[in-house]
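Please read this briefing alongside the sequence and the model.

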Amino acid sequence: SLLPAVLLGGAACLLSSRYAGRSATDSFVSVSSPAVRGRTAMRGFKEDFESWRSSLTPEERKMVQTQATGEYNKKFRKTPEFSK
């Protein structure tokens with residue numbers, strides 16, 4: 001009567017030791033590397049941003065620069081120039 005309990009305990013130890021080394025990242029679903037996607041997306045954004053920036057008129061460039069420098073200035077944020 002002791003033999004089934006010993007066999008059951010041994011099977012439980014064997015199963016737990018087999019799956020103990022696996023982490024949550026070990027799965028059968030492969031995920032592509034986010035670093036590669038992020039780098040590609042960043043290159044596309046950079047090109048889009050540069051083309052947008054080069055298409056601005058000198059007045060628009062000055063306005064964007066003024067808004068960027070006053071971004072964290074409370075008084076400037078309350079002016080109508082900030083919300084243009």
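Which helix supplies the largest share of the lining of the largest pocket? That share, 4 residues, comes from H3. This is a predicted model, in which local features need pLDDT of at least 70 and side-chain atom pairs count only at pLDDT 80 or more, while totals for chains, interfaces and linings use all residues. Residues are numbered from 1 along each chain as its sequence is written, and side-chain values use heavy atoms, with hydrogens and water left out.

**Fold**
- The protein has 4 helices and 0 strands, where helices (H or I, at least four residues) and strands (E, at least two) are DSSP runs numbered from the N terminus.
- Read along the sequence, these elements give the pattern α-α-α-α.

**Largest pocket**
- The largest pocket holds about 160 Å³ of space; a pocket is an open set of points on a 1 Å grid where a 1.4 Å probe fits, with protein on both sides within 12 Å along at least five of seven lines, and lining residues have an atom within 4 Å of a point.
- Its lining consists of Phe 49, Trp 52, Arg 53, Leu 56, Arg 61, Val 64, Gln 65 and Ala 68, and helix H2 (34-54) and helix H3 (58-69) each supply at least two residues.
- By class, the lining of the largest pocket has 5 nonpolar, 1 polar and 2 charged residues.

**Surface**
- Phe 45, Phe 49 and Trp 52 form a nonpolar patch on the surface with about 320 Å² of accessible area together; such a patch joins nonpolar side chains within 5 Å, from residues with over 30% relative accessible area and no salt bridge.
- Trp 52, found in helix H2, counts as partly exposed because its relative accessibility is 40%, a class lying between buried (under 20%) and exposed (over 50%).
- Buried residues make up 5% of the 84 residues in the protein.
- The accessible surface of the protein comes to about 7900 Å², with 62% belonging to carbon and sulfur atoms, by the Shrake-Rupley method with a 1.4 Å probe.

**Salt bridge**
- A search of the whole structure finds 1 salt bridge, defined as a side-chain nitrogen of Lys or Arg within 4 Å of a carboxyl oxygen of Asp or Glu.
- Arg 77 forms a salt bridge with Glu 71, and their closest N and O atoms are 3.1 Å apart.
- Arg 77 is partly exposed at 41% relative accessible area, and Glu 71 is partly exposed at 30%.

How values were computed:
Grid points are joined across faces, edges and corners, and a volume is the space filled by probe spheres set on the points. Ala, Val, Leu, Ile, Met, Phe, Trp, Tyr, Cys and Pro count as nonpolar, Asp, Glu, Lys and Arg as charged, and the others, Gly among them, as polar. Patches are made of residues with over 30% relative accessible area and no salt bridge: like charges are joined within 9 Å, nonpolar side chains (Val, Leu, Ile, Met, Phe, Trp, Tyr) within 5 Å. Buried means under 20% relative accessible area, exposed over 50%, partly exposed in between (1.4 Å probe, protein chains only).
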